[in-house]
Amino acid sequence: MESASSVSRDIGQALAEQLPPLTANAAAVEADRCLYCYDAPCTHACPTHIDIPSFIKKIATHNLRGSAATIFASNLLGATCARVCPVQELCEGACVLGADHKPISIGRLQRYAMDYAREHRSYPTVKAAPTGRSIAVIGAGAAGLSCAGELARLGHAVTVFERRSLPGGLSTYGIIALREPVDIAIEEARMIEGLGVEIKTGLEFGKDVFLATLQKEFDAVVVSAGLGRTPGLGIDGEEAIVDGLEFIEASKTGAAALKVGRNVIVIGAGNTAVDCATIAKRLGADRVTMVYRRTDREMSCYEHEYDFARKEGIEFRFLTQPARVVLDGSLPIGLECLRVELGAPDASGRPAPTAVQGSEFVLAADQIVKAIGQVKPSLAAQLGLETKKGLIAVDASFQTNIEGVYAIGDCIRASGAASTVMAVQDGKLAAAAIHQQFAQRAEPVEVN
Amino acid sequence: MADLRINFAGIKSPNPFWLASAPPTNSGAQIHKAFEAGWGGAVWKTIGAPVLNVSNRYGAWHYGRQRMLAINNVELISDRPIEINLREIAEIKRAWPDRAVIVSAMVESKPEAWRDIVRLIEDTGADGIELNYGCPHGMSERGMGAAVGQVPEYCEQITRWVMEAATIPVIMKLTPNITNIVLPARAGVAAGANALSLINTINSIVGVDLDTLELTPSIGGKGGHGGYAGPAVKPIALNMLAALGTDEIVSKSGIPISGMGGIATWQDAAQFLLLGASSLQVCTAVMHYGYRIIEDLCDGLSNWMDEKGFKTIADVSGHSLHRVSEFKDLDLSYRAVARIDADKCIKCDLCYVACNDTAHQCIDLISPQGALVEPRSYDVRSNGKRDAVETRPQPVVREEDCVGCRLCYNVCPVDDCIQMVELPSGRSEVTWSELSEKQTQVTEDWETMKAYRERVGIHIH
């Protein structure tokens with residue numbers, strides 16, 4: 001294996017943000033190309049319904065402060081979403097210029113406006129008077145920060161409890177740096193703090209902080225704890241397999257600890273798996289192979305991610321099911337696999353893979369990474385929250401079966417399509433619902 | 001292959017395109033280059049009284065990505081010594097005998113000054129003289145240019161002095177900075193001018209710099225009105241051209257008109273010809289892209305003429321003038337409605353907002369299920385391209401309520417998506433003139449008007 005130091009030396013450059021910022025001229029040209037649709041489909045397609053034609057028009061008229069404010073009005077995490085949103089599936093996919101022309105580069109224009117906001121500290125402020133209400137938010141990921149920020153804008157006092165040492169959740173730890181650098185996610189959390197939100201890090205829910213205490217101290221509790229670790233494969237030698245989320249995390253915040261093999265296998269075919277494979281490839285692996293038991297038709301990563309991976313020189317082994325890690329002492333030297341045949345659709349609607357007995361073969365590898373999703377939160381059971389398909393069950397206002405306890409983000413929705421922007425919208429809608437419920441309760445409010 | 005040659009008041013050129021009197025015709029070297037590129041003629045930048053110029057003399061009006069939709073200038077007439085200009089004019093005419101070389105002139109409003117300049121120009125062998133009565137800035141403050149062009153009596157007087165002295169064709173150039181363009185044109189006819197040309201530049205201030213709060217462009221902290229030209233002024237120029245072509249005195253005189261004002265493409269050129277021009281002058285488009293644009297001006301015009309069966313420029317000239325009408329002679333019973341082609345429509349809804357906010361509220365949004373829906377009626381939790389595209393309503397014109405105003409047609413960004421379709425109105429043809437003559441009360445009294453509308457079936461929504 002490469003020495004850790006040589007990896008960390010090159011990491012910044014190898015995983016530098018993939019797309020450069022638009023130049024002022026490129027942004028102006030692109031902004032002028034926008035037709036300024038009325039009741040625009042891009043706005044409908046955006047889960048947070050940003051008024052996209054308006055923010056683009058404001059770029060065209062050099063009103064960048066107004067452009068950023070338009071984005072923040074609908075989405076406080078505009079800087080992250082500009083980078084990580086699957087725009088092909090959302091706003092840009094709905095652009096009316098898509099059919100005969102090229103859709104407007106909405107994501108990159110949004111980033112242009114958000115970069116301006118960051119450079120000029122042109123951030124939202126709280127205009128509402130303090131309400132005297134307080135809310136605890138569990139988890140400083142996209143959903144939690146969005147909800148906290150929106151509640152703060154409405155005049156409520158918000159405290160966010162975060163298990164990790166840094167806020168930002170997957171934006172900080174789980175998305176490859178070439179799509180979103182760490183400092184963007186951290187700065188976004190700082191912006192939320194600027195709205196008066198207190199973010200307390202290094203405090204784990206259920207260990208350092210308890211629901212019963214929070215219920216006493218706060219008027220509402222919002223659980224945005226995300227999902228768990230990568231699930232087990234249940235194969236021999238699994239202890240030698242690297243957890244994909246930890247692999248990405250090391251590439252972003254713990255470069256010194258990151259080890260990258262020369263011949264790397266990534267198990268899985270989602271966006272996180274592509275991120276893992278890209279990190280390995282960019283940080284010195286000679287060969288990176290993604291192993292997936294179905295085919296490219298069933299992969300859960302976006303089509304543009306698959307294209308990207310192929311351009312990176314990443315190889316694919318489809319219809320291949322890992323069976324055993326081949327070890328030399330404690331170090332992996334290969335992955336024994338079985339050939340797979342696809343049968344009738346399973347519960348997920350995709351063809352059920354069936355391993356062919358006796359078809360064992362070994363793929364050589366000196367590092368194996370798994371990125372096959374995240375386990376569902378164990379929190380629900382601990383707290384006595386009702387679940388739906390293993391996820392926390394909520395009503396239309398994001399309230400759980402316990403009054404005053406809400407849940408948002410990945411812990412109520414299986415991670416997948418557009419999870420970040422969906423989480424932001426959850427946070428926004430939940431904040432509005434909580435605010436409304438406070439108003440309906442109309443208890444006398446004591447303002448300090 | 002169409003014949004592009006013209007004979008304009010005795011001035012011949014191989015095509016109708018002349019460079020207008022302006023910076024592109026400032027020197028012999030430039031015009032030599034222009035003639036090499038294929039220009040049929042050039043009107044030499046105005047010579048005459050001594051001048052000094054300033055920096056930052058050109059402003060411009062940009063719109064969206066389109067640079068220089070119009071230019072604005074405070075450049076004066078030629079600041080080169082007059083004898084150098086005269087020598088180069090002679091050299092150019094000798095080198096290019098088949099091209100039209102016209103010299104623009106502007107001197108003090110004294111008969112001897114004009115006689116002298118006419119003699120100097122004729123000595124060069126030039127084909128014609130253009131009288132610059134148009135310059136709206138600088139020269140007008142000294143009693144020249146637009147100061148003459150804005151007073152028909154002055155135009156007539158000076159043109160008479162020139163006509164007494166001149167033996168070559170004289171073109172009188174009109175300023176658009178006047179309430180009625182016909183009056184100076186008639187003055188030109190009365191004075192015996194051989195031809196007219198229009199339009200010169202329009203008074204304009206381009207803008208104010210929002211950082212410095214100075215005018216744009218700033219000339220040492222100050223600025224002022226300058227002459228406005230380029231594609232943005234074309235409709236103004238066409239209107240003035242048509243006004244001359246439809247004026248009885250001007251049109252009956254048979255005086256030829258050289259048209260200019262925003263010609264940038266062969267389509268513009270064809271439109272000027274159709275409304276009565278028989279020579280064309282170009283400046284701003286050349287200042288933007290260089291002399292090379294002459295190639296497509298000629299090529300495009302020639303191809304279009306072939307397609308339309310026009311053999312000569314004279315065939316085209318004035319061909320559409322009989323279509324120019326006053327409002328009072330328009331058919332009030334003519335009915336057209338907008339129709340949106342759903343297959344071409346990209347559902348930008350610009351027609352919808354334009355109609356509903358500012359016109360006649362007759363475009364509806366119809367959901368894929370056929371229901372009438374309001375804008376933004378989707379659920380707040382609906383998202384993704386599929387939701388957005390598949391549930392997006394279609395704008396549809398309620399034809400029975402459509403007054404055919406044509407606003408939607410104009411804002412639609414897709415070619416041929418919205419058509420103005422003629423429908424029978426069920427009413428017999430009638431003009432305002434006829435109404436006011438035969439049913440005077442209808443045109444003077446609201447109650448009678450109401451009764452008339454009810455009788456013939458005109459509903460105002």
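## Domains and helix packing in a predicted model

The centres of domain 1 and domain 2 of chain B, taken over C-alpha atoms, lie 43 Å apart. This is a predicted model, where local features need pLDDT of at least 70 and side-chain atom pairs count only at pLDDT 80 or more. Residues are numbered from 1 along each chain as its sequence is written.

Student: Which residues does domain 2 of chain B span?
Tutor: The bounds come from an automatic or database domain assignment. In chain B, domain 1 covers 6–322 and domain 3 covers 430–461. Domain 2 of chain B is 327–427.

Student: Is helix 4 of chain A parallel or oblique to helix 8 of chain A?
Tutor: Helix 4 (residues 52–60) and helix 8 (residues 106–120) of chain A have axes that come within 10 Å and cross at roughly 60°. Under 35 degrees counts as roughly parallel, over 145 as roughly antiparallel, 65 to 115 as roughly perpendicular and the rest as oblique. So helix 4 of chain A is, to helix 8 of chain A, oblique.

Student: Which residues of helix 4 of chain A make the contact with helix 8 of chain A?
Tutor: Contact means heavy atoms within 4.5 Å. Helix 8 of chain A brings Ile106(A), Leu109(A), Gln110(A), Tyr112(A) and Ala113(A). Helix 4 of chain A brings Ile52(A), Phe55(A), Ile56(A) and Ile59(A).

Student: Which residues are buried in helix 9 of chain B?
Tutor: Buried means under 20% relative accessible area (1.4 Å probe, protein chains only). Helix 9 of chain B runs over residues 266–274. Its buried residues are Asp268(B), Ala269(B), Ala270(B), Phe272(B), Leu273(B) and Leu274(B).

Terms used. Chains are lettered from A and ligands numbered from 1 in the order in which they are written. Side-chain values use heavy atoms; hydrogens and water are left out. Axes are lines fitted to C-alpha atoms, for helices over the stretch in contact, and angles run from 0 to 180 degrees between N-to-C directions. Helices (H or I, at least four residues) and strands (E, at least two) are DSSP runs, numbered from the N terminus. Buried means under 20% relative accessible area, exposed over 50%, partly exposed in between (1.4 Å probe, protein chains only).
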